[in-house]
Protein chains: 2
Amino acid sequence: MSILAKLSFKDQAFKLREQTVLDATTRLLASKGFDLMTMDDVAGEAGISKPSLYKHFKSKEDLATEVMIRLLDGALEYLAALDASLSSKDRLGSLLEWALRVRLQGGLPFLPSASPQVKEMLTRSIRYVTRVYKLHKQMQALVEAAKTAGDIRTDLPTDVILYAYYSRTCDPAVDYMKYYGRYSDDQIVDYMRAIIFTGIGAADAG
Amino acid sequence: MSILAKLSFKDQAFKLREQTVLDATTRLLASKGFDLMTMDDVAGEAGISKPSLYKHFKSKEDLATEVMIRLLDGALEYLAALDASLSSKDRLGSLLEWALRVRLQGGLPFLPSASPQVKEMLTRSIRYVTRVYKLHKQMQALVEAAKTAGDIRTDLPTDVILYAYYSRTCDPAVDYMKYYGRYSDDQIVDYMRAIIFTGIGAADAG
DNA sequence: ACGACCTTTTACTAATCAGTAGCTTTTTTT
DNA sequence: AAAAAAAGCTACTGATTAGTAAAAGGTCGT
(Lines give C-alpha, C1' and ligand atoms only; values in the text may rest on other atoms or scores of the structure.)
Protein backbone atom coordinates (compact mmCIF):
# COMPACT_ATOMS: atom_id res chain seq x y z
CA MET A 1 0.00 0.00 0.00
CA SER A 2 1.53 3.24 -1.12
CA ILE A 3 1.56 6.28 1.11
CA LEU A 4 -0.77 8.04 -1.30
CA ALA A 5 -3.40 5.32 -0.94
CA LYS A 6 -4.01 6.56 2.57
CA LEU A 7 -5.16 9.90 1.22
CA SER A 8 -8.58 10.46 -0.25
CA PHE A 9 -8.86 11.50 -3.87
CA LYS A 10 -9.49 15.05 -2.80
CA ASP A 11 -6.44 15.16 -0.61
CA GLN A 12 -4.34 13.84 -3.46
CA ALA A 13 -5.67 16.62 -5.67
CA PHE A 14 -4.79 19.08 -2.93
CA LYS A 15 -1.20 17.85 -2.77
CA LEU A 16 -0.97 17.96 -6.55
CA ARG A 17 -2.19 21.55 -6.65
CA GLU A 18 0.40 22.39 -4.03
CA GLN A 19 3.13 21.21 -6.39
CA THR A 20 1.56 23.23 -9.21
CA VAL A 21 1.68 26.32 -6.99
CA LEU A 22 5.31 25.67 -6.05
CA ASP A 23 6.20 25.24 -9.73
CA ALA A 24 4.45 28.50 -10.62
CA THR A 25 6.18 30.32 -7.77
CA THR A 26 9.55 28.96 -8.86
CA ARG A 27 9.05 30.32 -12.37
CA LEU A 28 7.91 33.70 -11.06
CA LEU A 29 10.73 34.00 -8.53
CA ALA A 30 13.21 33.18 -11.28
CA SER A 31 11.76 35.78 -13.64
CA LYS A 32 10.62 38.65 -11.38
CA GLY A 33 12.28 38.05 -8.04
CA PHE A 34 10.60 38.05 -4.64
CA ASP A 35 9.79 41.75 -4.30
CA LEU A 36 8.11 42.10 -7.69
CA MET A 37 6.23 38.82 -7.57
CA THR A 38 2.65 39.39 -6.36
CA MET A 39 0.36 36.79 -4.87
CA ASP A 40 -2.08 37.55 -7.71
CA ASP A 41 0.69 36.61 -10.13
CA VAL A 42 1.16 33.29 -8.36
CA ALA A 43 -2.56 32.53 -8.22
CA GLY A 44 -2.94 33.42 -11.90
CA GLU A 45 0.07 31.35 -12.98
CA ALA A 46 -1.12 28.38 -10.93
CA GLY A 47 -4.69 28.71 -12.23
CA ILE A 48 -6.36 29.21 -8.84
CA SER A 49 -7.60 32.22 -6.91
CA LYS A 50 -5.72 34.08 -4.23
CA PRO A 51 -7.75 32.86 -1.23
CA SER A 52 -7.25 29.27 -2.40
CA LEU A 53 -3.55 29.99 -2.52
CA TYR A 54 -3.72 31.07 1.12
CA LYS A 55 -5.27 27.69 1.99
CA HIS A 56 -1.94 26.15 1.00
CA PHE A 57 0.52 28.75 2.25
CA LYS A 58 -0.12 31.18 5.05
CA SER A 59 1.92 34.04 3.59
CA LYS A 60 4.05 35.14 0.68
CA GLU A 61 7.16 34.55 2.76
CA ASP A 62 6.02 31.06 3.70
CA LEU A 63 5.42 30.25 0.04
CA ALA A 64 8.84 31.45 -1.10
CA THR A 65 10.51 29.61 1.78
CA GLU A 66 8.80 26.35 0.77
CA VAL A 67 10.09 26.80 -2.77
CA MET A 68 13.65 27.19 -1.50
CA ILE A 69 13.27 24.17 0.78
CA ARG A 70 12.09 22.01 -2.11
CA LEU A 71 15.10 23.19 -4.13
CA LEU A 72 17.55 22.28 -1.36
CA ASP A 73 15.87 18.89 -0.93
CA GLY A 74 16.45 18.31 -4.63
CA ALA A 75 20.14 19.09 -4.20
CA LEU A 76 20.47 16.79 -1.18
CA GLU A 77 18.71 14.03 -3.08
CA TYR A 78 20.92 14.48 -6.12
CA LEU A 79 24.05 14.37 -3.97
CA ALA A 80 22.90 11.20 -2.21
CA ALA A 81 22.12 9.47 -5.50
CA LEU A 82 25.55 10.14 -7.06
CA ASP A 83 27.59 7.12 -8.20
CA ALA A 84 29.65 5.90 -5.24
CA SER A 85 32.76 5.50 -7.39
CA LEU A 86 32.98 9.22 -8.24
CA SER A 87 35.83 11.25 -6.76
CA SER A 88 35.03 14.17 -4.46
CA LYS A 89 36.03 16.69 -7.11
CA ASP A 90 33.81 14.98 -9.68
CA ARG A 91 30.91 15.08 -7.25
CA LEU A 92 31.44 18.80 -6.79
CA GLY A 93 31.51 19.24 -10.56
CA SER A 94 28.44 17.08 -11.01
CA LEU A 95 26.38 18.95 -8.42
CA LEU A 96 27.39 22.28 -9.96
CA GLU A 97 26.23 20.99 -13.33
CA TRP A 98 22.92 19.91 -11.81
CA ALA A 99 22.39 23.32 -10.18
CA LEU A 100 23.23 25.15 -13.40
CA ARG A 101 20.88 22.99 -15.46
CA VAL A 102 18.05 23.59 -13.01
CA ARG A 103 18.62 27.32 -13.45
CA LEU A 104 18.99 27.17 -17.23
CA GLN A 105 15.63 25.42 -17.43
CA GLY A 106 13.88 28.31 -15.70
CA GLY A 107 14.54 27.25 -12.12
CA LEU A 108 16.10 29.12 -9.26
CA PRO A 109 19.69 29.44 -8.11
CA PHE A 110 20.58 27.79 -4.79
CA LEU A 111 21.70 31.02 -3.31
CA PRO A 112 18.80 33.42 -2.86
CA SER A 113 19.09 36.92 -4.30
CA ALA A 114 21.10 39.50 -2.42
CA SER A 115 17.91 41.03 -0.94
CA PRO A 116 18.46 41.22 2.81
CA GLN A 117 14.72 40.85 3.42
CA VAL A 118 14.67 37.50 1.62
CA LYS A 119 17.80 36.36 3.41
CA GLU A 120 16.37 37.23 6.82
CA MET A 121 13.09 35.57 6.00
CA LEU A 122 14.88 32.34 5.10
CA THR A 123 17.09 32.31 8.18
CA ARG A 124 13.92 32.54 10.29
CA SER A 125 12.76 29.20 8.91
CA ILE A 126 14.18 26.33 10.93
CA ARG A 127 13.29 23.85 8.20
CA TYR A 128 15.25 25.88 5.66
CA VAL A 129 18.27 26.45 7.88
CA THR A 130 18.43 22.75 8.78
CA ARG A 131 18.75 21.85 5.11
CA VAL A 132 21.33 24.54 4.39
CA TYR A 133 23.38 23.26 7.31
CA LYS A 134 23.12 19.64 6.19
CA LEU A 135 24.12 20.50 2.63
CA HIS A 136 26.95 22.75 3.80
CA LYS A 137 28.40 20.00 6.02
CA GLN A 138 28.37 17.53 3.13
CA MET A 139 29.98 20.09 0.84
CA GLN A 140 32.66 20.83 3.42
CA ALA A 141 33.50 17.13 3.62
CA LEU A 142 33.70 16.94 -0.17
CA VAL A 143 36.09 19.89 -0.41
CA GLU A 144 38.29 18.52 2.38
CA ALA A 145 38.39 15.13 0.68
CA ALA A 146 39.21 16.71 -2.69
CA LYS A 147 42.00 18.70 -1.06
CA THR A 148 43.46 15.49 0.41
CA ALA A 149 43.18 13.81 -2.99
CA GLY A 150 45.19 16.69 -4.48
CA ASP A 151 42.35 17.85 -6.73
CA ILE A 152 41.63 21.17 -4.97
CA ARG A 153 44.08 23.90 -3.96
CA THR A 154 45.12 23.70 -0.34
CA ASP A 155 46.28 27.33 -0.15
CA LEU A 156 42.68 28.62 -0.04
CA PRO A 157 40.58 28.10 3.12
CA THR A 158 37.78 25.58 2.68
CA ASP A 159 35.08 28.15 3.45
CA VAL A 160 36.42 30.51 0.78
CA ILE A 161 36.29 27.69 -1.74
CA LEU A 162 32.72 26.87 -0.71
CA TYR A 163 31.58 30.51 -0.96
CA ALA A 164 33.08 30.70 -4.45
CA TYR A 165 31.39 27.43 -5.36
CA TYR A 166 27.95 28.44 -4.07
CA SER A 167 28.24 31.77 -5.84
CA ARG A 168 28.72 30.02 -9.17
CA THR A 169 25.20 28.59 -8.86
CA CYS A 170 23.74 32.11 -8.97
CA ASP A 171 26.39 33.61 -11.24
CA PRO A 172 24.95 36.23 -13.61
CA ALA A 173 27.57 35.12 -16.16
CA VAL A 174 25.21 32.22 -16.86
CA ASP A 175 22.44 34.58 -17.94
CA TYR A 176 24.81 36.63 -20.05
CA MET A 177 26.14 33.53 -21.81
CA LYS A 178 22.60 32.39 -22.50
CA TYR A 179 21.04 35.67 -23.62
CA TYR A 180 23.92 37.58 -25.23
CA GLY A 181 26.37 34.80 -26.04
CA ARG A 182 23.66 32.45 -27.30
CA TYR A 183 25.64 29.45 -26.13
CA SER A 184 23.97 26.07 -25.67
CA ASP A 185 23.24 24.82 -22.17
CA ASP A 186 25.96 22.17 -22.54
CA GLN A 187 28.47 24.79 -23.59
CA ILE A 188 27.55 27.06 -20.70
CA VAL A 189 27.96 24.23 -18.19
CA ASP A 190 31.39 23.42 -19.63
CA TYR A 191 32.51 27.04 -19.47
CA MET A 192 31.31 27.48 -15.90
CA ARG A 193 33.10 24.31 -14.83
CA ALA A 194 36.29 25.59 -16.47
CA ILE A 195 35.93 29.00 -14.80
CA ILE A 196 35.41 27.71 -11.28
CA PHE A 197 38.05 24.95 -11.37
CA THR A 198 40.82 26.41 -13.50
CA GLY A 199 40.09 30.16 -13.70
CA ILE A 200 40.59 32.52 -16.61
CA GLY A 201 44.38 32.83 -16.33
CA ALA A 202 46.73 30.88 -18.62
CA ALA A 203 48.05 27.68 -17.01
CA ASP A 204 51.71 28.75 -17.19
CA ALA A 205 51.15 32.34 -16.02
CA GLY A 206 52.16 33.46 -12.52
CA MET B 1 38.54 81.59 -13.31
CA SER B 2 37.34 78.14 -12.31
CA ILE B 3 34.16 76.65 -13.69
CA LEU B 4 32.61 76.80 -10.26
CA ALA B 5 33.19 80.55 -10.05
CA LYS B 6 30.50 80.95 -12.68
CA LEU B 7 27.96 79.46 -10.33
CA SER B 8 26.39 81.40 -7.52
CA PHE B 9 26.88 80.20 -3.99
CA LYS B 10 23.40 78.72 -4.05
CA ASP B 11 24.07 76.76 -7.22
CA GLN B 12 27.23 75.38 -5.69
CA ALA B 13 25.28 74.27 -2.64
CA PHE B 14 22.74 72.69 -4.96
CA LYS B 15 25.45 70.64 -6.73
CA LEU B 16 26.89 69.63 -3.40
CA ARG B 17 23.55 68.45 -2.12
CA GLU B 18 23.15 66.45 -5.31
CA GLN B 19 26.31 64.52 -4.45
CA THR B 20 25.02 64.01 -0.90
CA VAL B 21 21.82 62.55 -2.34
CA LEU B 22 23.76 60.27 -4.70
CA ASP B 23 25.91 59.07 -1.79
CA ALA B 24 22.85 58.36 0.33
CA THR B 25 21.19 56.50 -2.54
CA THR B 26 24.33 54.43 -3.11
CA ARG B 27 24.33 53.33 0.52
CA LEU B 28 20.63 52.49 0.43
CA LEU B 29 20.83 50.60 -2.86
CA ALA B 30 23.73 48.60 -1.46
CA SER B 31 21.87 47.74 1.72
CA LYS B 32 18.21 47.39 0.67
CA GLY B 33 18.23 47.11 -3.10
CA PHE B 34 16.12 49.10 -5.55
CA ASP B 35 12.70 47.61 -4.81
CA LEU B 36 12.88 48.05 -1.05
CA MET B 37 14.48 51.49 -1.09
CA THR B 38 11.82 54.20 -0.72
CA MET B 39 12.16 57.83 -1.71
CA ASP B 40 11.41 58.73 1.92
CA ASP B 41 14.45 56.62 2.89
CA VAL B 42 16.60 58.58 0.45
CA ALA B 43 15.30 61.96 1.59
CA GLY B 44 15.80 61.00 5.24
CA GLU B 45 19.32 59.65 4.67
CA ALA B 46 20.28 62.75 2.70
CA GLY B 47 18.74 65.08 5.28
CA ILE B 48 16.27 66.80 2.95
CA SER B 49 12.56 66.44 2.26
CA LYS B 50 11.03 64.39 -0.50
CA PRO B 51 9.86 67.30 -2.67
CA SER B 52 13.38 68.75 -2.52
CA LEU B 53 14.67 65.40 -3.67
CA TYR B 54 12.37 65.63 -6.69
CA LYS B 55 13.92 69.01 -7.52
CA HIS B 56 17.13 67.09 -8.23
CA PHE B 57 15.84 63.89 -9.80
CA LYS B 58 12.57 63.52 -11.62
CA SER B 59 11.88 59.93 -10.51
CA LYS B 60 13.16 57.03 -8.46
CA GLU B 61 14.37 55.34 -11.64
CA ASP B 62 16.19 58.47 -12.73
CA LEU B 63 17.93 58.68 -9.36
CA ALA B 64 19.08 55.08 -9.39
CA THR B 65 20.27 55.43 -12.98
CA GLU B 66 22.37 58.47 -12.07
CA VAL B 67 23.99 56.50 -9.26
CA MET B 68 24.95 53.73 -11.67
CA ILE B 69 26.27 56.26 -14.19
CA ARG B 70 28.47 57.87 -11.56
CA LEU B 71 29.80 54.42 -10.62
CA LEU B 72 30.68 53.58 -14.23
CA ASP B 73 32.34 56.98 -14.66
CA GLY B 74 34.46 56.13 -11.63
CA ALA B 75 35.52 52.86 -13.26
CA LEU B 76 36.36 54.56 -16.58
CA GLU B 77 38.35 57.20 -14.74
CA TYR B 78 40.24 54.61 -12.72
CA LEU B 79 41.07 52.64 -15.85
CA ALA B 80 42.30 55.76 -17.65
CA ALA B 81 44.51 56.74 -14.72
CA LEU B 82 46.28 53.36 -14.47
CA ASP B 83 50.08 53.31 -14.81
CA ALA B 84 50.93 52.99 -18.50
CA SER B 85 53.61 50.39 -17.79
CA LEU B 86 51.13 47.86 -16.39
CA SER B 87 50.38 44.70 -18.39
CA SER B 88 46.84 44.07 -19.60
CA LYS B 89 46.38 41.28 -17.10
CA ASP B 90 47.58 43.51 -14.26
CA ARG B 91 45.15 46.22 -15.35
CA LEU B 92 42.32 43.70 -15.22
CA GLY B 93 43.43 42.64 -11.76
CA SER B 94 43.77 46.22 -10.61
CA LEU B 95 40.32 47.25 -11.81
CA LEU B 96 38.79 44.19 -10.14
CA GLU B 97 40.49 45.20 -6.92
CA TRP B 98 39.12 48.72 -7.26
CA ALA B 99 35.58 47.43 -7.85
CA LEU B 100 35.78 45.05 -4.89
CA ARG B 101 37.06 47.76 -2.57
CA VAL B 102 34.27 50.11 -3.60
CA ARG B 103 31.81 47.38 -2.68
CA LEU B 104 33.53 46.44 0.55
CA GLN B 105 33.31 50.07 1.65
CA GLY B 106 29.53 50.07 1.33
CA GLY B 107 29.35 50.87 -2.37
CA LEU B 108 27.58 49.12 -5.18
CA PRO B 109 28.68 46.34 -7.51
CA PHE B 110 29.14 47.28 -11.18
CA LEU B 111 26.62 44.78 -12.31
CA PRO B 112 23.15 45.76 -11.14
CA SER B 113 21.07 43.20 -9.28
CA ALA B 114 19.36 40.49 -11.24
CA SER B 115 16.02 42.33 -11.08
CA PRO B 116 14.70 42.53 -14.65
CA GLN B 117 12.92 45.81 -13.85
CA VAL B 118 16.20 47.46 -12.86
CA LYS B 119 17.97 46.04 -15.88
CA GLU B 120 15.30 47.32 -18.25
CA MET B 121 15.29 50.71 -16.58
CA LEU B 122 19.05 51.03 -17.09
CA THR B 123 19.00 49.94 -20.71
CA ARG B 124 16.46 52.69 -21.39
CA SER B 125 19.02 55.29 -20.36
CA ILE B 126 21.21 56.26 -23.30
CA ARG B 127 23.73 57.89 -20.97
CA TYR B 128 24.08 54.65 -19.01
CA VAL B 129 24.28 52.38 -22.04
CA THR B 130 26.92 54.61 -23.65
CA ARG B 131 29.17 54.17 -20.62
CA VAL B 132 28.61 50.42 -20.42
CA TYR B 133 29.53 50.13 -24.08
CA LYS B 134 32.65 52.26 -23.69
CA LEU B 135 33.83 50.26 -20.67
CA HIS B 136 33.02 46.95 -22.35
CA LYS B 137 35.05 47.88 -25.43
CA GLN B 138 38.06 48.78 -23.30
CA MET B 139 37.72 45.56 -21.33
CA GLN B 140 37.49 43.54 -24.53
CA ALA B 141 40.73 45.10 -25.75
CA LEU B 142 42.42 44.32 -22.43
CA VAL B 143 41.38 40.66 -22.53
CA GLU B 144 42.48 40.28 -26.15
CA ALA B 145 45.84 41.87 -25.34
CA ALA B 146 46.27 39.64 -22.28
CA LYS B 147 45.48 36.61 -24.42
CA THR B 148 48.15 37.64 -26.93
CA ALA B 149 50.62 38.19 -24.08
CA GLY B 150 49.94 34.61 -22.92
CA ASP B 151 48.46 35.72 -19.60
CA ILE B 152 44.84 34.69 -20.25
CA ARG B 153 43.53 31.35 -21.54
CA THR B 154 42.83 31.35 -25.27
CA ASP B 155 40.49 28.33 -25.15
CA LEU B 156 37.67 30.43 -23.62
CA PRO B 157 35.85 33.00 -25.79
CA THR B 158 36.60 36.60 -24.84
CA ASP B 159 32.95 37.34 -24.03
CA VAL B 160 32.78 34.38 -21.64
CA ILE B 161 35.88 35.66 -19.85
CA LEU B 162 34.36 39.12 -19.60
CA TYR B 163 31.04 37.82 -18.24
CA ALA B 164 32.95 35.84 -15.61
CA TYR B 165 35.01 38.92 -14.79
CA TYR B 166 32.02 41.26 -14.46
CA SER B 167 30.22 38.73 -12.30
CA ARG B 168 33.09 38.74 -9.82
CA THR B 169 32.36 42.39 -9.07
CA CYS B 170 28.92 41.42 -7.71
CA ASP B 171 29.92 38.02 -6.37
CA PRO B 172 28.04 37.13 -3.15
CA ALA B 173 31.17 35.24 -2.06
CA VAL B 174 32.55 38.66 -1.11
CA ASP B 175 29.72 39.23 1.37
CA TYR B 176 30.10 35.73 2.79
CA MET B 177 33.83 36.18 3.28
CA LYS B 178 33.22 39.49 5.00
CA TYR B 179 30.31 38.54 7.27
CA TYR B 180 30.85 34.84 7.99
CA GLY B 181 34.54 34.41 7.25
CA ARG B 182 35.52 37.68 8.97
CA TYR B 183 38.41 38.12 6.58
CA SER B 184 40.04 41.52 6.13
CA ASP B 185 39.34 43.52 2.98
CA ASP B 186 42.90 42.90 1.76
CA GLN B 187 42.51 39.17 2.30
CA ILE B 188 39.18 39.12 0.46
CA VAL B 189 40.64 40.97 -2.51
CA ASP B 190 43.53 38.48 -2.67
CA TYR B 191 41.20 35.48 -2.52
CA MET B 192 38.92 36.87 -5.20
CA ARG B 193 41.88 37.55 -7.48
CA ALA B 194 43.08 33.98 -6.95
CA ILE B 195 39.63 32.57 -7.66
CA ILE B 196 39.04 34.45 -10.89
CA PHE B 197 42.52 33.98 -12.36
CA THR B 198 43.57 30.52 -11.20
CA GLY B 199 40.34 28.84 -10.01
CA ILE B 200 39.84 26.49 -7.08
CA GLY B 201 41.38 23.39 -8.70
CA ALA B 202 44.93 22.25 -7.89
CA ALA B 203 47.49 23.43 -10.47
CA ASP B 204 48.51 19.89 -11.45
CA ALA B 205 44.97 18.45 -11.62
CA GLY B 206 43.29 17.66 -14.96
C1' DA C 1 -33.12 13.50 -4.53
C1' DC C 2 -31.87 16.18 -0.32
C1' DG C 3 -29.26 18.45 3.07
C1' DA C 4 -24.69 19.06 5.53
C1' DC C 5 -20.13 20.19 4.65
C1' DC C 6 -16.19 21.78 2.34
C1' DT C 7 -13.90 24.43 -1.39
C1' DT C 8 -13.41 28.32 -4.41
C1' DT C 9 -14.25 32.91 -5.70
C1' DT C 10 -15.69 37.77 -5.92
C1' DA C 11 -15.07 41.85 -3.72
C1' DC C 12 -13.30 44.09 -0.09
C1' DT C 13 -9.68 46.47 3.68
C1' DA C 14 -5.59 48.41 5.39
C1' DA C 15 -1.09 49.70 4.57
C1' DT C 16 2.61 51.32 1.84
C1' DC C 17 4.80 54.37 -1.33
C1' DA C 18 5.73 57.33 -5.66
C1' DG C 19 4.84 61.65 -6.80
C1' DT C 20 2.57 66.73 -6.00
C1' DA C 21 -0.05 71.11 -4.48
C1' DG C 22 0.29 74.99 -1.95
C1' DC C 23 2.06 77.35 2.06
C1' DT C 24 6.35 79.12 4.59
C1' DT C 25 10.90 80.68 5.01
C1' DT C 26 15.07 82.29 3.21
C1' DT C 27 17.77 84.66 -0.18
C1' DT C 28 18.52 88.09 -3.76
C1' DT C 29 17.86 92.35 -6.11
C1' DT C 30 16.89 97.12 -6.28
C1' DA D 1 15.33 97.97 3.76
C1' DA D 2 11.51 96.38 1.06
C1' DA D 3 9.80 93.84 -2.78
C1' DA D 4 10.43 89.88 -5.56
C1' DA D 5 11.91 85.34 -6.30
C1' DA D 6 13.29 80.95 -5.24
C1' DA D 7 13.89 76.99 -2.38
C1' DG D 8 12.10 73.97 1.14
C1' DC D 9 8.56 71.66 3.82
C1' DT D 10 3.97 69.72 5.54
C1' DA D 11 0.29 67.35 4.17
C1' DC D 12 -1.99 65.37 0.66
C1' DT D 13 -3.54 61.86 -3.69
C1' DG D 14 -3.83 57.79 -6.30
C1' DA D 15 -2.18 53.36 -7.22
C1' DT D 16 -0.64 48.99 -5.79
C1' DT D 17 -0.77 44.82 -3.12
C1' DA D 18 -0.81 41.48 1.03
C1' DG D 19 -4.22 39.40 3.23
C1' DT D 20 -9.58 38.35 4.41
C1' DA D 21 -14.83 38.07 4.91
C1' DA D 22 -18.70 36.42 3.11
C1' DA D 23 -21.21 34.71 -0.89
C1' DA D 24 -21.48 30.99 -4.54
C1' DG D 25 -20.73 26.52 -6.08
C1' DG D 26 -19.72 21.79 -5.75
C1' DT D 27 -19.33 17.13 -3.34
C1' DC D 28 -20.54 13.61 -0.35
C1' DG D 29 -23.33 10.43 2.41
C1' DT D 30 -27.95 8.90 3.23
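Let me begin with the place where the two chains meet, a contact to which chain A brings 44 residues and chain B brings 44 residues. Please keep in mind throughout that this is a predicted model. Between chain A and chain B the buried area comes to about 4000 Å², and carbon and sulfur atoms give 64% of that area. On the chain A side, the residues that lose the most area to chain B are Arg153(A), Tyr163(A) and Ile200(A), which together make up 19% of what that side buries.

Which side chains meet in a salt bridge with a spacing of 2.5 Å, N to O? They are those of Arg168(A) and Asp171(B), and the count of salt bridges between chain A and chain B is two.

Now let me turn to a pair of helices inside chain A. Two packed helices are described by the angle between their axes and by the distance between those axes. Helix α5 of chain A, residues 88–104, packs against helix α9 of chain A, residues 172–179, at an angle of about 55°, and their axes lie 11 Å apart. Because of that angle, α5(A) is oblique to α9(A). The crossing in which α5(A) passes α9(A) is right-handed.

If you look for the residues that make this contact, you will find Leu100(A), Arg103(A) and Leu104(A) on α5(A), while α9(A) supplies Pro172(A), Val174(A), Asp175(A) and Lys178(A).

How values were computed:
Residues are numbered from 1 along each chain as its sequence is written. Chains are lettered from A and ligands numbered from 1 in the order in which they are written. This is a predicted model: local features need pLDDT of at least 70, side-chain atom pairs count only at pLDDT 80 or more; totals for chains, interfaces and linings use all residues. Side-chain values use heavy atoms; hydrogens and water are left out. Axes are lines fitted to C-alpha atoms, for helices over the stretch in contact, and angles run from 0 to 180 degrees between N-to-C directions. Helices (H or I, at least four residues) and strands (E, at least two) are DSSP runs, numbered from the N terminus. Angles under 35 degrees count as roughly parallel, over 145 as roughly antiparallel, 65 to 115 as roughly perpendicular and the rest as oblique. A crossing is left-handed if the near helix is turned anticlockwise from the far one by less than a right angle, and right-handed if clockwise. Contact means heavy atoms within 4.5 Å. Buried area is the accessible area (1.4 Å probe) that two parts lose on being put together, summed over both. A salt bridge is a side-chain nitrogen of Lys or Arg within 4 Å of a carboxyl oxygen of Asp or Glu.
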